[in-house]
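User: Hi! Could you walk me through this structure, starting with the contacts between side chains?
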Amino acid sequence: RVLGVDSRLKALNYVLRHPELLASSGQEMADSNPKETTEELTILIVDDNARYRQQLGRLIGKIYPSSVVYEAESIAEALSLSKQVQPQLAFIDVFLNDEDGIQFARKLKTNSPLTHIVIISAYPDREFRKQAQSAGVIAFLDKKDLDKESMRQIIEDALQ
């Protein structure tokens, strides 16, 4: 009703045309932590696990409160968002339900060559690492190893 639409489908289409409605600022995610940097950063998190996306978004918000974080749970949603917002950094899960995150990384690199891509996975398989490297990603991370310091280093490397 607030958007002036009368169905969920129309609401979804409206939101897809206006991705800024989906973005959360890092400051909101940081829960008013003091700013550690003022450089703005646009980040896309692509993972089919909503809880993990939110946790990663909060971690990023604590490190870079001025960041703008977009979340997508599927490749289709991520592709649409990436075309509209041109993220500087993308965190992509290897497995997205039945979809291939590494294939999406290749596509994203083609469509948005300035986006730095980090592949994340709960399955740190050596073959996935090789495939990720050939897709042009800057890092491959085990989800269990993501902490504030490693995340800060990855983000700083991507900004350089």
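Analyst: Happy to; below we go through salt bridges, an aromatic pair, a helix packing and a proline.
Analyst: One note before that: this is a predicted model, where local features need pLDDT of at least 70, side-chain atom pairs count only at pLDDT 80 or more, and totals for chains, interfaces and linings use all residues. Residues are numbered from 1 along each chain as its sequence is written, and side-chain values use heavy atoms, with hydrogens and water left out.

User: Great. How many salt bridges does the structure hold?
Analyst: There are five, a salt bridge being a side-chain nitrogen of Lys or Arg within 4 Å of a carboxyl oxygen of Asp or Glu. One of them joins Lys143 to Asp47, with 2.7 Å between the closest N and O atoms.

User: Where do Lys143 and Asp47 sit in the chain?
Analyst: Lys143 is in the loop between β8 (139-142) and α7, while Asp47 is in the loop between β2 (42-46) and α3. They are 96 residues apart, so the pair links distant parts of the chain. Helices here are DSSP runs of H or I with at least four residues, strands are runs of E with at least two, and both are numbered from the N terminus.

User: And are those two buried or exposed?
Analyst: Both Lys143 and Asp47 are buried. Buried means under 20% relative accessible area, exposed means over 50%, and partly exposed is in between (1.4 Å probe, protein chains only).

User: Which residues are linked with them in a network?
Analyst: Asp47, Asp93 and Lys143 are linked in a network of salt bridges.

User: What about Asp142 and Lys144?
Analyst: Their side chains form a salt bridge too, at 3.3 Å from N to O. Asp142 is buried, at 9% relative accessible area, whereas Lys144 is exposed, at 65%.

User: Which residue does Arg152 pair with?
Analyst: Arg152 forms a salt bridge with Glu149, and the closest N and O atoms are 3.6 Å apart. Both lie in helix α7, three residues apart, about one turn of the helix. Arg152 is buried at 18% relative accessible area, and Glu149 is exposed at 52%.

User: Since we're on α7, how does it pack with α3?
Analyst: Helix α3 (residues 50-63) and helix α7 (residues 148-159) have axes 10 Å apart, at an angle of about 70°. That makes α3 roughly perpendicular to α7; the cut-offs are under 35 degrees for roughly parallel, over 145 for roughly antiparallel, 65 to 115 for roughly perpendicular, and oblique for the rest. Axes are lines fitted to C-alpha atoms, for helices over the stretch in contact, and angles run from 0 to 180 degrees between N-to-C directions.

User: Which residues meet there?
Analyst: From α3 there are Leu56, Leu59, Ile60 and Ile63, which meet Lys148, Met151, Arg152 and Ile155 of α7. Contact means heavy atoms within 4.5 Å.

User: Switching topic: how many aromatic pairs are there?
Analyst: The structure holds one. The ring centres of Phe95 and Phe128 are 5.3 Å apart and the planes are at 85°, so the pair is edge-to-face. Rings of Phe, Tyr and Trp (its six-membered ring) pair if their centres lie within 6.5 Å; planes under 30 degrees apart count as stacked, over 60 as edge-to-face and the rest as tilted.

User: Last one: where is Pro87?
Analyst: Pro87 lies in the loop between α4 (75-85) and β4 (89-93). Pro87 is buried, at 2% relative accessibility. Leaving aside neighbours within four places in sequence, its contacts include Thr42, Leu44 and Ser112.
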